[in-house]
Amino acid sequence: MALLLNIETATTNCSVSLSKDGETFALKEDNDKGYSHAERLHVYIKALFEEHNIESSQIDAVAVSKGPGSYTGLRIGVSTAKGLCFALDKPLISVSTLEALAHQVNTDNGVIVAMLDARRMEVYASVFDANYNEIREIKAEVLDADAYAFYLEQGKVYFVGNGVEKTKTIITHPNAVFVDDKLPSAREMGALADLKYKKSDTEDVAYFEPYYLKDFVALKPKAK
């Protein structure tokens, strides 16, 4: 059975888990509304190994949330994952941040819109059916009152992620269901990563880059 280390840093939630054969059995995460992944990520990984008496060499692969999301968060998570893979000579697996986020919603019908907050009234979003099959690709899109109207007219639409807060101020359709206070977590990564591991669907450790979706824009510091 595959033992995987899963790393999620696409948002303010610094999240690490261990999974065996697709089942998550250990999780350590913290969302303090800020980005301190550089200080906490390695500490969390070490703590998980120690708490469960696991040597780092015992894992079969490292899975990382590939984005979209925070440029800085993704860069730290991917750099850490790649460093571990190089050091331990283990394969690297990438997991879609929005696909894992969608798995936080359980429904028998309707669709799921997994969305992450971007600048201003923009979100990174993808649409999934009730079986978590992606039915619309990831886009960076500006929200308006008609956003997702096609899906809303057909049935329930479950919005999940930190893009929900501003979405529910714009979309008022009765079929809209807002799942509050959810962020991507390494908890949902284990099952998705295990499927890829079994198919040997891995990344080139040397050349893999996060899926930023948009180019990073550095803002000029404000004058004091």
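Asp-180 is partly exposed, with 36% relative accessible area. Its salt-bridge partner is Lys-168. The model is predicted. A search of the whole structure finds 9 salt bridges.

**Asp-180 and Lys-168**
- The closest N and O atoms of this salt bridge are 2.8 Å apart.
- Asp-180 sits in the loop between strand 10 and helix 6, and Lys-168 in the loop between helix 5 (164-167) and strand 10, so the bridge ties together parts 12 residues apart in sequence.
- Lys-168 is partly exposed, at 36% relative accessibility.

- Lys-198 and Asp-21 form a salt bridge through their side chains, at 3.4 Å from N to O.
- This pair links distant parts of the chain, 177 residues apart.
- Lys-198 belongs to helix 6 (residues 189-198), while Asp-21 lies in the loop between strand 2 (13-20) and strand 3 (23-31).
- Lys-198 counts as exposed because its relative accessibility is 55%, over the 50% cut-off.
- Asp-21 is partly exposed, at 34%.
- Asp-194 joins Asp-21 and Lys-198 in a network of salt bridges.

**Glu-141 and Arg-136**
- Their side chains meet in a salt bridge, 3.1 Å from N to O.
- Both Glu-141 and Arg-136 are buried.

- Strand 6 (residues 111-117) pairs antiparallel with strand 7 (residues 122-129) over 7 bridges.
- Ala-114 stands opposite Ser-126 of strand 7.

Notes. Residues numbered from 1 in each chain as written. Predicted model: local features only at pLDDT ≥ 70, side-chain atom pairs only at ≥ 80, totals over all residues. Heavy atoms only, no water. Pairing = 2+ DSSP bridges. Helix = DSSP H or I, 4+ residues; strand = E, 2+ residues; numbered from the N terminus. Salt bridge = Lys/Arg side-chain N within 4 Å of Asp/Glu carboxyl O. Buried < 20%, exposed > 50% of the residue type's maximum accessible area, 1.4 Å probe, protein only.
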